[in-house]
Amino acid sequence: MKTISNKTFLKMGALDSIPIALGYLAVSFSLGIQAKQAGLDALAATIMSLTNVTSAGEFAALGIISEGGTLATMACSQFIINLRYMLMSCSLSQKIDNEKPFFHRFGVAFGVTDEIFGISYAVKGRLNPFYTYGAMLVAIPGWCLGTCLGVIFGNLLPEVIVTSLGVALYGMFIAIIIPPSKKDRCVAAAVILAMICSIGWDYIPAFHAISGGTKIIILTVVISLAFAILFPRNEEEEESKEAES
Amino acid sequence: MRHNVYIYIVVMAIVTYLIRVLPFTLIRKDIKNKTIRSFLYYVPYVTLSVMTFPSIINATGNVYTGAAGFIVALLLAFIGKSLITVAGCSCAVVLILELIF
């Protein structure tokens, strides 16, 4: 096997993540608009994006910040919403090249997002950390720049455009949850039940005192746990699906 | 009680990084427990569903344009369109309807 230098891996990762960066730019622009509405300035919003790099997590965080939620709610909501990264990190932890120094694990971990995980996991053989670094160097600035521009230009755009962009993140979330719902009936059932419970919750006056962040945590834990117990995943099925995607 | 925005950011950044880094460092073994694996598998879809619905309907301030955006996103996602296409078309439909009505 020929050895490829770290520099080459860095370049490969950077090239592969150009489409990711463009997607991030568009999505984080609407995140920036939401950040502005939640009362964050461009600097705070950009630092949030730089230190978190997570669409759903940051989006939920903005809701908690604007409703003045507690720090415990913030911590729990981030834990639940970003829990999916734990599975991704588990997979990459097995795949990362063990001949590289241990500290690289801390670096690669920072870049675990749905998309960067996706391309890092698709690398043949062991993962050279520099591939992920290359991807991070291109994708994360895209994510931060979009957030920053969203805060600055969200104000200058006509209100009707800002209103329309308000559905962008939700549209993205739908694009994430529907394809697996088609493949797996249990996911589809969980998605439908979650939506019914979510709207039902809003109609129960006694629940109005509970913050939006707490609602997300409670519903996610209860429904996911119920499905995990009632409809546990078949590991072999899972592996064949992972191989497909 | 409203905290300084940077305190919120620090808390979320720490929690999020811990989730990412622990499997790389302390928990080096694969999670074998079937219930935990299944739980982790369902969590993202359930949480995104709760966050999206009914918020998307109320996002525009007009239930009808919000619902239109929701339905368009569902249909496009169902026929397998990419993330950006789904999000973009959903916005476009809302924009057109908001301009008309």
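Predicted model: local features only at pLDDT ≥ 70, side-chain atom pairs only at ≥ 80, totals over all residues.

Before anything else, I wrote down that two residues are in contact if their C-beta atoms, placed from the backbone, lie within 7 Å. With that in hand I checked chain B: among its contacts between residues at least 6 apart in sequence, 32% join residues at least 24 apart. In chain A, residues 24 or more positions apart account for 79% of the contacts with a separation of 6 or more.

Residues are numbered from 1 along each chain as its sequence is written, and chains are lettered from A and ligands numbered from 1 in the order in which they are written.

**Chain B**

I found five helices and zero strands in chain B; these are DSSP runs numbered from the N terminus, with helices being H or I of at least four residues and strands E of at least two. Is chain B compact or spread out? Its radius of gyration is 19 Å, well over the 13 Å that the globule rule gives for 101 residues, so chain B is more spread out than a compact globule. (That radius is taken over C-alpha atoms, and the rule is 2.2 Å times the number of residues to the power 0.38.) I also noted that the C-alpha trace of chain B spans about 55 × 40 × 20 Å along its principal axes.

Buried residues make up 49% of chain B, where buried means that 20 or more other C-beta atoms, placed from the backbone, lie within 10 Å of the residue's own.

**Chain A**

Chain A has 14 helices and zero strands. Its radius of gyration is 19 Å, close to the 18 Å from the globule rule for 245 residues, so chain A is as compact as a globular protein of that length. Of its 245 residues, 48% count as buried.

I then picked out helix H11 of chain A, residues 168-183, which reaches 24 Å from its first C-alpha to its last, close to the 22 Å expected (1.5 Å times one less than its number of residues). Its buried residues include A:Phe173, A:Ile177 and A:Ser181.

**Where the chains meet**

How many residues does each chain bring to the contact? I got 65 from chain B and 78 from chain A. On the chain B side, H2(B) gives the largest share, 18 residues.

How values were computed: Buried ≥ 20, exposed ≤ 12 C-beta atoms within 10 Å, placed from the backbone.
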